[in-house]
Structures are given as C-alpha cells and as structure tokens.
There are 2 protein chains.
Amino acid sequence: MSHPHPGLPAPPALPEHGLRIVALGGLGEIGRNMTVFEHGGRLLIVDCGVLFPETEQPGIDLILPDFEYIRDRLDLIDAVILTHGHEDHIGAVPYLLRERPDIPLVGSRLTLALLEAKLTEHRIRPVTREVSEGQRVRFGPFDCEFLAVNHSIPDALAVAIRTPAGLVLATGDFKMDQLPLDGRLTDLGGFARLGAEGIDLLLSDSTNAEVPGFVTSERSIGPVVDEVFATAQERIIVACFASHIHRVQQVLDAAVACGRRVCFIGRSMVRNMGVARELGYLRVPDGVMVEPKQLDDVPPDRLVLVCTGSQGEPMSALSRMAGRDHQIRITERDTVMLASSLIPGNETAVNRVINGLTRWGARVVHKGNALVHVSGHASAGELLYVLNMTRPGNFMPIHGEWRHLRAHAKLAALTGVPEDNIVIAEDGVVVDLVDGHASIVGAVPAGYVYVDGLSVGEVTETSLKDRRILGEEGFVSIVVGVDSTSGKVVAGPEIHARGAGIANEDFDQIIERLEAVLQDAATSGAADLHQMNQVVRRTVGKWVNDNYRRRPMIIPVVVEV
Amino acid sequence: MSHPHPGLPAPPALPEHGLRIVALGGLGEIGRNMTVFEHGGRLLIVDCGVLFPETEQPGIDLILPDFEYIRDRLDLIDAVILTHGHEDHIGAVPYLLRERPDIPLVGSRLTLALLEAKLTEHRIRPVTREVSEGQRVRFGPFDCEFLAVNHSIPDALAVAIRTPAGLVLATGDFKMDQLPLDGRLTDLGGFARLGAEGIDLLLSDSTNAEVPGFVTSERSIGPVVDEVFATAQERIIVACFASHIHRVQQVLDAAVACGRRVCFIGRSMVRNMGVARELGYLRVPDGVMVEPKQLDDVPPDRLVLVCTGSQGEPMSALSRMAGRDHQIRITERDTVMLASSLIPGNETAVNRVINGLTRWGARVVHKGNALVHVSGHASAGELLYVLNMTRPGNFMPIHGEWRHLRAHAKLAALTGVPEDNIVIAEDGVVVDLVDGHASIVGAVPAGYVYVDGLSVGEVTETSLKDRRILGEEGFVSIVVGVDSTSGKVVAGPEIHARGAGIANEDFDQIIERLEAVLQDAATSGAADLHQMNQVVRRTVGKWVNDNYRRRPMIIPVVVEV
C-alpha cells in the first residue's frame with residue numbers, strides 16, 4: 001500500500017494517456033466530497049460538497065474545498081456530476097458556480113431538484129443535465145455510465161468513467177439494502193458487468209468500513225415507529241434529517257395508520273419534502289398534512305410533528321423545546337423520537353437535548369434505546385461484496401477519515417487486490433492512473449476554505465487561532481496616549497478586559513505598575529511607539545500570569561497625540 | 001414521583017427529628033459529586049468532587065460545587081466521607097480545606113492515600129480518619145457504617161448513615177462484578193441486612209441506569225489484552241485512566257507473561273501507581289519496570305508503555321504521539337490500546353487521536369473494536385438487585401444526568417417503591433426525610449464555581465459568555481482620542497481586530513465612515529464620552545454586519561486627552 005507523506009512534491013505533468021485523480025475533499029475527513037478527474041487536458045468533477053465545522057473552527061458556518069487547484073482551468077471543466085442530494089456532496093456547488101456560472105451540473109432528477117431549490121436561494125440559475133441509471137453520456141473525453149445505488153436519500157447514482165486511460169468506477173455514497181422501500185437496489189449486477197469488462201480503478205465509500213457485517217434494512221424501522229406511535233400518550237415529535245425522504249415516509253405511513261395528522265416544521269424540512277412530494281418521491285395521502293398555524297385545532301393525541309434538529313443544533317425547534325424556549329411546551333405526555341444518526345462531534349449537543357426533554361418528562365426514543373435509525377453507508381460485509389464483484393485492478397478508498405480509509409484498504413487487500421495497487425490518499429494528493437497502475441505522484445493545496453457570514457475564504461487559520469485564544473482566555477487591551485514630542489503619557493493607561501476573568505479592583509494594580517514602567521521608558525527617552533507597545537504587553541502579560549496563571553490575549557494600543 | 005421545579009422556594013427550617021439531604025453536585029450531571037446531610041444542627045458531607053468542563057465552559061480548568069450553602073457553617077461539619085479516590089469524588093477537597101483546613105476526612109486506605117498525594121501538591125496536611133468495610137463509626141450525630149463496593153478503582157465504600165431520622169444508605173459509585181480481580185465483592189449481603197433492618201432512604205448510583213443487563217467482569221479484559229500482546233509486532237502503548245489500578249495490573253500481568261518490560265508515562269500515572277504499589281494494591285514483579293530514560297536500551301518488541309491520554313487530552317503524550325509531536329514516533333509496527341471508556345464530550349478528541357495514530361500506520365485497539373474496557377458503574381440489571389435487596393422506604397437516584405435519574409427512578413418504581421416515595425432532585429434541591437417520608441421542600445444555590453488558573457470563582461458566567469462571543473466572532477476595538485475641551489478628534493480612530501476575519505484593507509473604509517460620524521458628533525457639540533462610545537460602537541457594528549453578516553464584539557475606547 002502506498003502511504004502519502006506530508007511534503008509530497010508538486011506533481012509532474014500528466015502523461016497524455018493517463019488519468020489524474022485529485023480529491024479536494026472527502027479523504028481524511030467525512031464531508032466536502034469533491035474529486036477532480038483530468039484527462040487529455042479536460043476536467044470532470046464528481047461531487048462538490050461542504051464540511052460542517054467542529055469546535056476547533058469556532059464561528060465558522062461551512063467549510064468548502066479549496067478551488068485553487070482548478071481556479072485557472074474552470075473553462076476546462078466538462079461537467080460536475082452530483083452523485084446524490086446530500087449537503088456533503090452538493091453544498092459547495094453555489095460557491096463553485098460563483099467562479100464560473102455555466103458549468104454543466106449533472107445528476108438524477110431528485111438530486112438536481114434539491115440542488116436547484118438550493119441554488120434559487122442563492123439566486124443562481126444553473127445549467128443542468130438530468131441523467132438516470134442505465135444511461136451513458138459523454139462529457140468531453142469522459143464517457144460516463146450511471147448506475148443505481150441505494151443510500152439514505154433516493155435517486156443516488158454511482159458513475160463509471162471511461163477514458164483511454166482505463167475504466168474507473170466511483171460508487172458515491174451507497175449501501176446495499178436488499179429490501180429498499182422504493183425497490184431501487186444498488187446495481188450489483190452492473191458492478192459485476194463492469195468488473196468483467198475490467199475496472200482499472202475502484203473508488204468506494206469508506207464511511208462504515210470499520211463496522212462489521214451488514215446494514216439492517218430501512219424497512220425494519222417501520223415496526224418500531226408503529227410501536228412507538230401505538231403507545232404514545234399524546235403528541236409525537238419526530239426529528240430527522242430533512243433529506244431522509246424514506247424515513248419521513250415511514251413516519252407519514254405510521255401517522256396515517258393511527259389516524260394522526262402531520263405537520264412539517266423547519267425551513268429545510270418544508271422545502272425538501274415539498275420537492276419530494278412534487279416529484280413523487282414522497283407519497284402524502286390527502287388530508288394528512290396540517291399547517292403550523294392550525295396546530296391548535298388538532299387534539300394532541302392526533303398530532304405528529306416532523307422537524308429537524310436531530311443533531312442538537314442549538315437554534316433548532318427541537319433544542320428550543322428541550323430548553324423550554326419554544327411555543328411547544330414539552331410535557332410528560334409527549335413522545336419525542338430522534339430518528340437519525342448521531343454524527344460524530346454532535347454527541348454533547350444531542351445529549352443536552354435528550355436530557356432537556358427528559359427533564360420535562362417526555363419519553364425520548366433514540367438510536368441508543370430503539371431501532372429508529374439505520375446507516376446510509378455500506379458496512380464491511382457489503383463493501384466486500386463490491387470488491388469481489390468488481391475485482392478492481394487498483395483500489396482507492398474514498399469518503400472517510402484515516403481510520404475508515406485504512407480499514408477499507410485492509411478489506412481490499414483481503415479480497416486479493418495487490419498491496420501495491422491500493423492507494424491511500426488524503427485531500428490534495430495527486431494519483432495518476434497510467435498503464436493500468438494507480439500511484440501517488442505528488443500533492444496540491446487542498447486546505448480548508450471557511451465560509452463565515454458573507455465572506456468566503458477571508459477567515460483564515462490565523463483568525464481561528466485568535467478566536468481559540470480569545471475563546472479560552474479572553475483579552476486585555478490597554479490604551480495609552482503619549483505626547484508625540486515629549487513621549488509623556490497624556491491619556492490612560494485605560495484598561496478593557498473581556499472574558500479574562502480579572503477582577504475590576506485588580507485593574508488599579510495593573511495601572512499603577514504600568515504608570516511606573518511607562519514613566520521609566522519616557523525618562524530614558526529611548527522608547528518609540530513600537531517599544532512602548534512591547535513594554536505594555538510584557539508588563540501586563542507578566543502581571544496576569546503571575547497573579548492568575550492565565551494567558552489572555554494582550555492588546556497594547558499606544559497612540560501618539 | 002416528585003419533580004423539582006425551577007423557582008423552588010428557600011427551604012423551611014428542618015424539623016428537629018428530620019434529616020436534610022442537599023446535593024451540591026452530581027444530580028443532573030455526571031461529576032462534582034457532593035451531598036450534604038444535616039441533622040440536629042450538625043453536617044456530614046459525602047464526597048467532594050470536581051466536574052470537568054465542556055466546550056461551553058471555554059478555558060475553564062475545573063468546576064467545583066458551590067460551597068455557599070455551607071460556608072457559614074463550616075465549623076458544624078463533623079466529617080467529609082470520601083467513598084473512593086476518583087476525581088469526581090475527591091477533586092474539590094483541596095478547595096474545601098482552603099475554607100476550613102481541619103475538616104476530618106474519612107475514607108478507605110487507598111482513597112486517603114490518593115487524596116493525600118494530591119493534597120501534598122496543594123501543600124495541605126489534612127486531618128484524616130481511615131475506615132474500612134465492616135466498621136461503624138460515629139461522627140457527631142451521624143452513626144456511619146461502611147460497606148465494601150466494587151468499582152473501577154479498588155477500596156471503594158458505601159456508607160449507611162443512621163440518625164434518629166432514620167437509616168440512609170448511600171451506595172457511592174459501584175458495580176457488582178461477581179468475579180472481581182481483588183476478590184472484594186460489593187457487599188450485597190450487607191445491603192440485605194440493612195434492608196431487613198429497614199432502609200428509610202436509598203441513594204444509589206444512576207450512571208448506567210439506562211443500560212440494560214449487567215456489566216461484564218473486569219476479568220474478561222485479560223484474554224483480550226493477552227491476544228493483543230501476543231500479536232503485537234513491536235512496541236505496545238496502552239492508554240488508560242491513571243486511577244484504574246486493576247486495568248494496569250492486567251496490562252502488567254500480560255507484559256510479564258510475554259517477557260516485556262513496562263514504563264509508566266505521565267505525572268498522574270507515575271504518582272498513582274507509586275501509591276498503589278506501595279500499599280500493595282498493585283503487584284509489580286522485580287525487574288519489570290523500566291524508567292523513561294532507559295527506553296532506548298529496551299528493544300521495541302520487549303516494551304510496553306502505559307500512559308494517560310485515553311480521553312484525547314490535547315497535551316497528553318498520546319495526543320502528541322498521534323500528531324507526531326512527541327519523541328516517540330509512531331510507526332506501522334506499533335500497537336496502541338485505548339483501554340478505557342470514552343467519556344461523553346470527548347468523542348471528537350479521541351477520534352482525532354485514533355485517526356492520527358492510524359495515519360502513521362499503528363494498529364489501534366479501542367473499545368469500538370475490542371473488549372478492552374468495561375464500565376465501573378452498575379447497569380440496570382444490577383441496580384434492580386440492589387433495589388430488591390434493600391427495599392427502601394424512599395428512593396433518590398444520584399450521580400447522573402436527567403436521563404439517568406429518570407431511568408433509575410423507573411427501575412425503583414418497577415421494584416415496588418411507591419411513586420410518591422421516589423424523589424428526583426437536581427443540584428441544590430433540598431430533600432427532607434421526616435417521619436419516614438422523603439420529599440422536596442425547597443432549593444438552595446448550587447451553581448458552577450469555576451477554577452481557571454489560580455482563581456476560584458472569579459470567572460463568572462458573564463466572562464464565559466464573553467469568551468463564547470469572542471471565540472465565535474472575535475472582536476474589533478476602536479481607539480479615538482478627543483480633545484477634552486473642543487471634543488475634536490486628536491488621535492485615531494485606530495482599529496484593532498482579532499479573530500473577526502475582517503480584511504485589513506476594509507479598515508480604511510471603516511475609519512472613513514467613523515471620521516465622518518465623529519465630526520458630526522463634535523460639530524453638534526452635544527456628545528459626551530459615553531455618547532461618543534455609543535456612536536462608535538453602533539457605526540462599526542452596523543458596518544461589519546452589513547458587509548460581513550457577522551457580530552464580533554465591538555469595543556469602542558474614546559479617551560479624552
């Protein structure tokens with residue numbers, strides 16, 4: 001197995017008959033999936049998603065792939081293929097289109113509909129091309145064949161890319177539910193046919209490569225939902241992802257079966273279910289839906305609310321209900337179901353919601369105590385099927401952190417892929433498929449691009465480092481006005497501190513110390529503004545550390561008057 | 001079941017024949033366990049622990065119980081009983097002793113030894129009284145009997161407290177390993193004897209009340225450790241809690257069995273294992289230990305390192321190894337075992353460590369992929385045994401978040417405790433046991449007291465709110481010097497921003513806008529310093545929000561010269 005090294009060189013020129021594969025996201029992380037394929041001077045992109053920030057990225061709204069690698073060559077992009085409609089696969093498209101609005105977007109009917117609803121909010125009218133499983137479409141030198149895959153959103157696709165360099169199969173996100181609610185199976189037969197033709201490189205979803213066995217069918221959630229509905233005293237509140245149309249369908253079906261009416265709550269839930277219903281992906285019997293305004297007209301034991309907030313998002317309706325900060329006041333007669341995964345990093349937030357709801361006496365049903373969620377990603381057992389059916393010449397695990405990529409690589413080795421033909425790459429690592437062999441040849445920049453409010457890329461690692469210090473320690477700023485000729489202090493020192501936890505009465509001590517130090521500096525006559533700033537910073541920093549053992553950010557502001 | 005309500009009144013006077021129970025920590029949270037018992041004008045305290053901060057408490061080192069409730073009555077405390085040596089039960093003792101140094105500390109041999117080692121670091125020489133299971137000792141009006149319990153640290157005790165108000169059994173933290181490594185079982189027979197005598201109130205550990213079934217024996221980890229040791233290529237690095245003596249013993253035994261030598265790494269690990277070895281709780285055969293300095297003399301395939309850092313603590317040796325920021329450079333031949341629980345809230349940090357180690361090729365064994373940890377807290381099955389053996393008149397679940405307290409209350413109801421005799425309280429809620437009935441009568445302050453560096457209690461919720469804003473958004477400070485008579489700007493505006501992600505070139509625009517606004521204010525002649533500060537704050541805040549959709553902290557500093 002090849003391992004990437006920090007400090008890989010810039011890549012050499014791509015041989016004319018070779019195919020270059022560069023992931024700008026999704027390798028070494030779960031999210032912002034984006035892979036750039038290059039052949040014959042043209043580019044094909046598969047997916048363009050966002051990553052959601054963790055606590056080390058305070059204040060950040062979204063993290064994008066860095067488009068720098070393709071910025072000079074946007075006109076060479078023949079298509080962006082979107083494998084399905086999840087944010088980590090389509091969320092960065094609006095930002096890419098800002099740089100070239102007419103890049104053709106390719107995807108299934110539902111994927112494009114969800115993407116277009118999103119782009120409308122960004123006031124972008126995209127160029128789209130709808131495709132479906134079984135179709136074979138050429139984009140520049142890239143001959144693409146689409147195959148059905150089953151995932152936690154309908155209408156997901158895998159894509160086989162043929163170029164003179166060979167045949168590549170990219171699975172996208174998938175699992176292999178053998179009894180899917182919509183009857184649309186992952187096309188394992190198609191994978192086998194491609195395998196027989198000869199797959200030179202397989203890129204396959206690694207998210208659950210560490211999990212042994214097989215994902216339980218989405219269908220098995222139905223009876224659990226039925227049981228919860230049958231035993232609920234009054235209101236039922238279900239939180240799940242706004243894109244999980246099949247999950248919502250099961251909730252709708254259970255509601256209909258026991259004569260309850262349903263209300264969607266939350267902008268993304270309303271928007272996505274509207275799209276899904278319009279296109280026929282969600283079946284809603286007449287008279288079931290109720291508008292938020294009419295909630296008071298429905299008895300609590302006839303009501304189901306379906307909302308977002310299953311990840312404990314602080315501003316969501318569910319979090320506010322848990323904190324008694326919402327018009328819906330949770331009581332002992334309510335049942336709340338968190339019918340979703342628990343995305344790593346959200347544990348504390350979700351725990352807070354569960355405790356809040358429990359405190360008011362609600363029955364809380366979640367994946368920890370009932371089968372109300374199954375994963376959307378193939379487990380190790382399913383991944384082995386794919387490896388054995390495709391028999392790839394080379395294998396590159398995608399969509400995962402290091403632990404997932406390595407676990408998937410191990411599965412590939414167990415099925416007989418030679419270790420030398422297994423490539424573990426991370427974001428920005430350049431992999432060339434040349435003469436039937438895939439290998440790492442270099443690296444390009446693939447850092448995080450932060451969206452914060454209206455700005456994209458302006459908040460840098462330095463800003464985040466400052467935020468982390470400010471967030472942990474607060475700051476102390478000291479303003480001193482000095483006479484521009486004499487150097488004497490004519491105003492201040494004035495101290496402002498926030499978040500530093502320094503008692504106000506201690507300010508006087510700091511000021512006294514500072515005045516002495518500044519007088520010395522003025523008397524010696526040697527101090528310029530820069531030096532005086534330094535003196536202030538050192539004096540205050542030392543005082544705080546000596547007295548508090550803390551290191552707030554010290555901001556000296558010495559101004560000449 | 002009685003439910004506490006926010007807005008409970010101050011409690012009435014305690015009837016002379018009653019017993020008052022107030023938890024200052026541990027109810028509604030996992031940590032800072034501390035319960036105050038009051039009878040006949042005297043106080044008995046059980047446990048005095050710390051809570052570790054979460055991300056909403058940035059920069060905080062520790063969270064203490066609020067001693068305010070007992071501050072005026074410290075001289076009335078007859079004893080502080082420490083049920084075992086974990087930080088969430090003993091960690092706040094140094095801070096309590098600062099307020100009255102001669103409070104008698106009562107605990108088992110190991111508990112006191114660990115506590116004294118800790119107090120030595122705080123330069124405190126405590127008054128102690130060693131007790132052991134089977135003993136019955138009177139502290140003021142509190143007649144205390146100690147019973148053995150099994151937990152994830154040796155020598156843990158439950159305590160039965162007899163007063164004229166009745167018999168109370170407080171389990172402390174416990175589980176019921178039926179094949180404990182040290183042969184010291186939880187004294188269920190003793191619980192039954194007390195039950196036959198008549199327990200008026202049971203306080204029992206709720207941590208795992210939601211988990212069905214029984215905790216697997218600590219003993220079952222041995223074979224897993226043996227297997228990992230047998231198949232390890234070269235170095236073995238084991239991370240676990242520095243207090244888990246039995247876990248370390250199993251690692252030591254495995255090391256001896258395969259001829260490896262062992263090195264302890266990390267201050268708390270070295271300190272605690274020294275104490276445990278000296279007192280005979282840890283058996284270390286001669287010639288097994290090796291000092292950190294001698295590591296290079298031992299071949300890597302003969303070496304086991306035992307360290308802390310199993311919770312992903314950023315400064316720990318293990319985290320630094322994962323980030324290649326430690327002299328021990330992880331390779332593909334290393335095996336790393338995280339032989340510990342994953343404390344809620346630490347998931348992201350631990351995931352980062354696992355990914356870091358995996359990236360360098362190490363085999364990482366953790367509770368997600370092998371049985372290398374069992375819980376120290378009784379599961380629902382075990383809790384039912386205790387409830388059925390003790391048949392308490394009243395029941396109060398302790399040590400847990402709301403979800404755990406409610407689950408435990410439900411178990412008590414299932415075993416026949418009348419709902420009216422089950423008290424779910426949270427921190428600060430006052431429970432009186434009077435005439436055989438326990439009920440909530442009021443509440444006292446029990447907020448968080450923050451330790452940050454050297455200061456205790458000086459960092460307030462306001463400081464933390466400031467830190468959260470600063471950490472999410474950064475700040476912009478604007479210094480303006482104005483002439484004290486004319487009100488004209490004579491220095492600045494000078495702008496400093498950190499963490500706000502505002503481009504430097506934009507500062508000029510803000511300054512231009514500010515100058516115009518300040519000139520207006522000066523011309524109108526009406527502006528005092530306060531008003532000018534307001535004008536600056538509003539102008540800059542609006543500009544940043546309009547241009548960036550962000551809300552950094554705005555700090556205007558208008559100084560008179």
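Keep in mind that the model is predicted.

Take A:G59 to begin with. You'll find A:G59 in the loop between β3 (42-46) and β4 (62-64) of chain A. Setting aside neighbours within four places in sequence, A:G59 is in contact with A:D452, A:R467 and B:E472. Notice the chain letter on B:E472: that contact partner of A:G59 belongs to chain B.

Now for A:D452, which sits in strand β21 (residues 449-452) of chain A. Again leaving out residues up to four places away in sequence, A:D452 touches A:G59, A:I60, A:D61, A:V459 and A:R467, plus B:Y548 and B:R550 from chain B.

**The active-site residues**

Next up is the active site, which the unreviewed UniProt entry places at A:D205 and A:H377. These residues are spread over 173 residues of sequence but cluster in space, with a largest C-alpha distance of 7.5 Å.

A:D205 belongs to strand β12 (residues 201-205) of chain A. The side chain of A:D205 makes a polar contact of 2.8 Å with the side chain of A:T207. Not counting residues up to four places away in sequence, A:D205 also touches a whole list of others, including A:T171, A:D173, A:H377, A:H399 and A:H408.

As for A:H377, look in the loop between β17 (363-365) and α11 (380-390) of chain A. With residues up to four places away in sequence left out, A:H377 touches A:H151, A:D173, A:F174, A:K175, A:D205, A:T207, A:N208 and A:V215.

**Buried or exposed?**

A residue counts as buried when its relative accessible area is under 20%.

| Residue | Relative accessibility | Class |
|---|---|---|
| A:G59 | 14% | buried |
| A:D452 | 3% | buried |
| A:D205 | 1% | buried |
| A:H377 | 16% | buried |

Definitions and conventions
Residues are numbered from 1 along each chain as its sequence is written. Chains are lettered from A and ligands numbered from 1 in the order in which they are written. This is a predicted model: local features need pLDDT of at least 70, side-chain atom pairs count only at pLDDT 80 or more; totals for chains, interfaces and linings use all residues. Side-chain values use heavy atoms; hydrogens and water are left out. Helices (H or I, at least four residues) and strands (E, at least two) are DSSP runs, numbered from the N terminus. Buried means under 20% relative accessible area, exposed over 50%, partly exposed in between (1.4 Å probe, protein chains only). Contact means heavy atoms within 4.5 Å. UniProt positions are given in the numbering used here, feature names are shortened, and annotations may be inferred rather than shown by experiment. A polar contact is a pair of N or O atoms within 3.5 Å; within protein, one must be able to donate a hydrogen and the other to accept it, and residues adjacent in sequence count only if both atoms are side-chain atoms.
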